[in-house]
Amino acid sequence: MPRLIVICGPTASGKTALAIRLAQALKTHILSCDSRQFYRELNIGVARPSADELAAAPHHFIANRSVTQPYNVSSYEQEALSTLEQLFATHDSVIAVGGSGLYIDALCNGVALLPDPSDELRAELKEHYAEEGIGYFQSLLKRLDPDYYAVVDQNNPIRLQRALEVCITTGRPYSVILQEQQQPQPRPFDIVRIAIDADRSWLRERIDRRVEEMIANGLLEECRSLLPYRHLNTLNTVGYKELFAFIDQRCTLEEAVEQIKLNTWHYAKKQFTWLRRYNDLQWIQPNDETILQRLIG
C-alpha cells in the first residue's frame with residue numbers, strides 16, 4: 001500500500017528542510033498543509049520555501065491561489081486527496097508537511113461533520129461581533145469551551161464563530177464533539193506521522209532570528225503591497241497584522257517586530273498543544289538522521 005509521510009511540528013522547527021531531504025531521498029513529491037502558504041501574494045511573512053527549495057523537490061499547494069479566492073479545509077481535503085491519487089500511481093511514498101493542524105487532520109482523518117446553526121443564531125453572533133469586536137467571541141468561547149479556546153487561533157473570527165455556533169446549537173463543547181467525530185475516515189494509503197520536538201529555548205531563538213531575517217528581506221514592503229487585501233481574514237495573520245499596526249502609526253517598527261516574535265512564539269506553543277492530542281506521532285529531535293535512514297530503508 002502507498003505511504004503518506006506527514007512531517008509536522010511548530011513553526012521554525014525545520015519541517016521544510018526535513019521534508020525536502022526526505023523527498024529527494026525517496027524521489028517523490030511534497031504536499032503543503034500550511035493554510036497560509038497556499039496564497040501567492042503571501043511570501044516572506046509565511047516563510048514560503050525559497051526558489052531553491054521549491055526547485056529541490058516537486059511541491060503542491062504552494063502559492064497556488066490568490067487571497068481573493070475563498071478556500072476552506074473541506075475543499076483542501078478533496079483537492080489534496082485527488083492529488084495524492086495521481087501521485088501514488090507512480091510513487092510509493094509522498095511527503096506532506098505543514099504546521100496547520102486542521103489541514104493535516106483533514107488530509108489524514110477527514111473533515112468532521114458538524115451541525116449547522118440556525119439563521120437566527122448566526123445573525124445574532126455576527127451582530128455581536130460587529131458591535132463588540134472579536135473580544136466578545138473570545139470571552140464567550142473561553143467560557144463555553146476552554147479546551148478549544150486554548151488551541152484555536154484566537155484572532156480568527158471565522159473559527160471562533162464556528163466553534164460558538166456548534167457549542168450553542170448542541171449545548172456541548174466544540175472540542176468534545178470534534179474528538180467524538182475524529183474517527184479516521186478510511187484512506188487508501190498508510191500514514192506515518194513525524195513530529196519535531198524542538199527544545200523550547202532553541203526554538204525561541206530560531207523564531208526571533210527568523211523574524212529578523214524576514215524584516216531584513218522586505219516583510220514591511222510585502223505588507224505595504226498587501227494593504228488592498230488587509231480586510232480579508234487571510235491577512236489577519238501573525239507577521240502581517242503587527243506591521244499593519246505600524247503602518248497605521250499605532251506602534252513603532254521596533255514594537256511591531258517584537259510583537260511578531262512574541263505572537264509567533266505563542267503560536268508555536270499552541271502547535272505543540274495541538275500535536276500532543278495524538279498518540280501515533282513519532283517524535284524526533286531537529287536534524288535527526290536516524291528517521292531518514294528508517295524511512296528510506
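**A patch of charge and the sheet**

Modeller: Glutamate 124 is partly exposed, at 43% relative accessible area; here buried means under 20%, exposed over 50% and partly exposed in between, with a 1.4 Å probe and protein chains only. This is a predicted model, in which local features need pLDDT of at least 70 and side-chain atom pairs count only at pLDDT 80 or more, while totals for chains, interfaces and linings use all residues. Residues are numbered from 1 along each chain as its sequence is written, and side-chain values use heavy atoms, with hydrogens and water left out.

Glutamate 124 sits in helix H5, residues 119–132; helices (H or I, at least four residues) and strands (E, at least two) are DSSP runs numbered from the N terminus. On the surface, Glu124 gathers with Glu127, Glu131 and Glu132 in a patch of negative charge. Residues in such a patch have over 30% relative accessible area and no salt bridge, with like charges joined within 9 Å and nonpolar side chains (Val, Leu, Ile, Met, Phe, Trp, Tyr) within 5 Å. Lys and Arg count as positive, Asp and Glu as negative, and His and the chain ends are not counted. A charge is placed at NZ of Lys, CZ of Arg, CG of Asp or CD of Glu, and the accessible areas come from the Shrake-Rupley method with a 1.4 Å probe, where only the protein chains shown count as cover for residues.

Next come the paired charges. Side chains of opposite charge can pair when their charged atoms come close. A salt bridge is a side-chain nitrogen of Lys or Arg within 4 Å of a carboxyl oxygen of Asp or Glu, and the count by this rule is 11. Arg122, Arg162 and Glu165 are linked in a network of these bridges.

Arginine 276 is partly exposed at 45%.

Arginine 277 bridges to aspartate 105, with 3.8 Å from N to O. Arginine 277 lies in the loop between helix H13 (253–275) and strand S6 (281–284), and aspartate 105 in helix H4 (residues 101–109), so the pair ties together parts that are 172 residues apart in sequence.

Six strands form an open sheet with parallel pairing, in the order S3-S2-S4-S1-S5-S6. Its edges are strand S3 (59–60) and S6, each pairing on one side only. Two strands pair if DSSP finds at least two bridges between them. S5 and S6 run parallel and are joined by four bridges, and alanine 195 stands opposite tryptophan 283 in S6.

Strand S4, residues 93–97, is mostly covered, with five of its five residues buried. Ser93, Ile95 and Val97 point one way from S4, while Val94 and Ala96 point the other way. Strand S1 (residues 3–8) runs parallel to S4 through five bridges, and leucine 4 has valine 94 as its bridge partner there. Strand S2 (residues 30–32) also runs parallel to S4, through three bridges, with serine 32 partnered by valine 97.

Histidine 29 is in the loop between helix H1 (15–26) and S2, and is buried at 16%. Alanine 47 lies in the loop between S2 and helix H2 (51–56); its phi is positive, about 55 degrees, although it is not a glycine, and it is partly exposed at 22%. Alanine 63, in the loop between S3 and helix H3 (73–88), has a positive phi near 50 degrees and is partly exposed at 23%.
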